[in-house]
Amino acid sequence: MQDLGRFLITSHCLGSGSYATVQLALDITGHQQAACKIIRRKEGSDLRKEMKEATLLMNLNHPNINRVYAVDSDPEFLYIILELCTGGDLFTYITTHPKHRLCEGEAKYIMYQLLKALKYLHDRMISHRGNVPYFFHESLADHKPENILLFSPGPYPRIQIADFGLARPKAYQETLHVCGTISYLPPEGILALEHKHLGYVGMPADCWSAGVTLFAMLTGSHPFDFASPSQSGVSLDDMDSQGFVLSQRATAQDERTKQRILDGQICFHEPIWVFHNQMTFLITDPLIIYGWVAKILVSHLLVPDPQERSTVYAALKSGWICMDLEELDQAYRERIRAQFP
Ligand SMILES: Nc1ncnc2c1ncn2[C@@H]1O[C@H](COP(=O)(O)OP(=O)(O)OP(=O)(O)O)[C@@H](O)[C@H]1O
């Protein structure tokens, strides 16, 4: 066991990503468990800048944001002590559902939490992957379902957004090409990848990612990453838990996905959307209305022009959220706020 102030880092590995391993930690004063993210520091990395960002994140306090308790470093590693989440990530949660998608009510409950967390961040001029304002033009927004953790296991979970792009080396941009997470980038992110001098603001990018996440929750597929126009989205099952597409897709396919993202060409072929398209004048089933209203929110969040895209504030006032606002608020107060210290 390694000693890090009031935390003991155990050798139990909770997970690992492209840049970090996460191990179970024990808070010896509070007698509670935590997670320690261990990131190998890059040669010549700016420790002062990394610590400054980490300190900013330590000041965040919201039930739907993975808490940063403490940060430490040695010449080799950066250690970030985080609130422990025991329910896995949203991506896995969606794919392990019987129909590989969530029911409308659960998707809405999760989306409501996601929007509340993003509102909290955007109120403070912070974005999920864009991080702190002065970092806006350097990082890539990327809150995909893998970066949304379930605080504890079970249905209608409390979610937390996690994995801020802290201490992310710049080479991360290259990795996006390799690992397939490019399909979660907004159009301005794609342009920034291709034209290195271009940067973009993180907050509209967060809204785009929220739109992709909502689409994935409702359909179990991706709005832009699909094989052919006649085929509905690639099943999330085809991807591993890191978001890698397992099937060897041709570069041409990646190019098509990129083009669809740039054009905002959403694949509305799943039954939840199509059913409505064919029966616009026969709306009697509430599920059809839900699909229709959800589609409006998805379309507004996935507008290619970041300036025209729905903000998180507008999304919280959207018809889809407002039609169940009372129930959502009540559930949020009773199941989340009441348990939040
Ligand atoms: N707070 C936490 N509580 C429990 N497990 C966690 C926590 N944070 C991360 N993990 C686990 O560790 C894994 C890796 O963490 P994370 O995704 O932050 O690493 P990364 O290298 O930054 O990721 P990426 O590959 O997306 O760049 C996650 O998939 C998750 O399983």
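Where does Ser318 lie? Select Ser318 in this predicted model: the residue sits in the loop that runs between helix H10 (312-316) and helix H11 (319-322).

**The ligand**

Now select the ligand and its surroundings. The shell holds 19 residues, and the closest are Gly15, Gly17, Ser18, Val22 and Ala35. Colour strand S2 (7-16), strand S3 (20-27), strand S4 (32-40) and strand S6 (77-83): these are the elements that give two or more residues to the shell. S2 supplies the largest share, 3 residues. Colouring by class shows 10 nonpolar, 5 polar and 4 charged residues around the ligand. Colouring by domain shows at least three shell residues from each of domain 1 (2-83) and domain 2 (90-337).

**The nonpolar core**

Move on to the largest nonpolar core, which has 73 residues. Select Ala34, Cys36, Ile81, Leu114, Leu214 and Leu301, the residues with the most contacts inside this core. Then show helix H6 (residues 202-219), which gives the core its largest share, 11 residues. The core lies between domain 1 (2-83) and domain 2 (90-337), because both give residues to it.

Finish on Ala34. Leaving out residues up to four places away in sequence, Ala34 touches Phe7, Ala25, Asp27, Tyr69, Ile81, Leu82, Glu83 and Leu84. One of these, Ile81, is also listed among the core residues with the most contacts.

Methods. Residues numbered from 1 in each chain as written. Predicted model: local features only at pLDDT ≥ 70, side-chain atom pairs only at ≥ 80, totals over all residues. Near = placed C-beta within 6 Å. Helix = DSSP H or I, 4+ residues; strand = E, 2+ residues; numbered from the N terminus. Nonpolar A, V, L, I, M, F, W, Y, C, P; charged D, E, K, R; others polar. Domains from an automatic or database assignment. Core = buried A, V, L, I, M, F, W, Y, C linked by C-beta atoms within 7 Å. Buried ≥ 20, exposed ≤ 12 C-beta atoms within 10 Å, placed from the backbone. Contact = placed C-beta atoms within 7 Å.
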